[in-house]
Amino acid sequence: MNPNAKYTVVVETIWIYPGWFAGVMNQPSKVSTLLKFVESANPSNILLTVEASKAPGDNFIGLPNNNDRIAEGYAKTGKSLAKMMDKKID
């Protein structure tokens, strides 16, 4: 965390589906979040809200651990947000 950052992203989890792993069969996790861009000095000042719905955890090889599958859902949310921001900035 950068104490001098002008803005902060607050991630509010709305829904989590942990998925499952059964050896040869599996299902990825899904995470729904509300991403709030706020002023760091005044967090009640919400500048932008983005809803990320059912971001899948990358589960190509099958992750037997629920925590890892759920973490991948959050990672996908971050990657999708970065891609969206990159498109909007260009």
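**Reading a predicted model**

Guide: Tyr 7, Leu 47 and Leu 48 make a nonpolar surface patch of about 300 Å². The model is predicted. Leu 48 sits in strand S5, residues 46-56.

Visitor: Is Leu 48 buried, partly exposed or exposed?

Guide: Leu 48 is partly exposed, its relative accessible area being 43%. A residue counts as buried under 20% and as exposed over 50%.

Visitor: How should I read the helix, and which residues of H1 are buried?

Guide: An α-helix has 3.6 residues a turn, so residues three or four places apart point the same way. In this model, helix H1 covers residues 66-89. The buried residues of H1 are Arg 69, Ile 70, Gly 73, Thr 77 and Leu 81. They pack against strands S1 (7-17), S2 (20-22), S3 (25-27), S4 (30-39) and S5.

Visitor: What span does H1 reach from its first C-alpha to its last?

Guide: H1 has 24 residues and reaches 35 Å, close to the 34 Å expected at 1.5 Å a residue. At the start of H1, a side-chain oxygen of Asn 65 comes to within 2.6 Å of the backbone nitrogen of Asn 67.

Visitor: How many salt bridges does a search of the whole structure find?

Guide: Side chains of opposite charge can pair when their charged atoms come close. The search of the whole structure finds one salt bridge. Its partners are the side chains of Lys 36 and Glu 12, at 2.9 Å from N to O. Lys 36 is in strand S4 and Glu 12 in strand S1, so the pair ties together parts that are 24 residues apart in sequence. Glu 12 is partly exposed, with a relative accessible area of 32%.

Visitor: Which residues does Ser 32 touch, beyond those up to four places away in sequence?

Guide: Ser 32, in strand S4, touches Glu 12, Thr 13, Ile 14, Trp 15, Ala 52, Ser 53 and Lys 54. Its side chain reaches the backbone nitrogen of Lys 54 at 2.9 Å. Ser 32 counts as buried because its relative accessibility is 9%, and the cut-off is under 20%.

Visitor: Is Val 31 buried or exposed?

Guide: Val 31 counts as buried, at 0% relative accessibility. Val 31 also has its place in strand S4. Leaving aside neighbours within four places in sequence, Val 31 is in contact with Trp 15, Ala 52, Ser 53, Lys 54, Ala 55, Ile 70, Gly 73 and Tyr 74. Among these, Ile 70 and Gly 73 are buried residues of H1.

Visitor: How far apart in space are Val 31 and Pro 43?

Guide: Val 31 and Pro 43 are 24 Å apart, C-alpha to C-alpha, and twelve residues apart in sequence.

Technical notes. Residues are numbered from 1 along each chain as its sequence is written. This is a predicted model: local features need pLDDT of at least 70, side-chain atom pairs count only at pLDDT 80 or more; totals for chains, interfaces and linings use all residues. Side-chain values use heavy atoms; hydrogens and water are left out. Patches are made of residues with over 30% relative accessible area and no salt bridge: like charges are joined within 9 Å, nonpolar side chains (Val, Leu, Ile, Met, Phe, Trp, Tyr) within 5 Å. Accessible areas come from the Shrake-Rupley method with a 1.4 Å probe; for residues, only the protein chains shown count as cover. A salt bridge is a side-chain nitrogen of Lys or Arg within 4 Å of a carboxyl oxygen of Asp or Glu. Helices (H or I, at least four residues) and strands (E, at least two) are DSSP runs, numbered from the N terminus. Buried means under 20% relative accessible area, exposed over 50%, partly exposed in between (1.4 Å probe, protein chains only). The expected span of a helix is 1.5 Å times one less than its number of residues. Contact means heavy atoms within 4.5 Å. A polar contact is a pair of N or O atoms within 3.5 Å; within protein, one must be able to donate a hydrogen and the other to accept it, and residues adjacent in sequence count only if both atoms are side-chain atoms.
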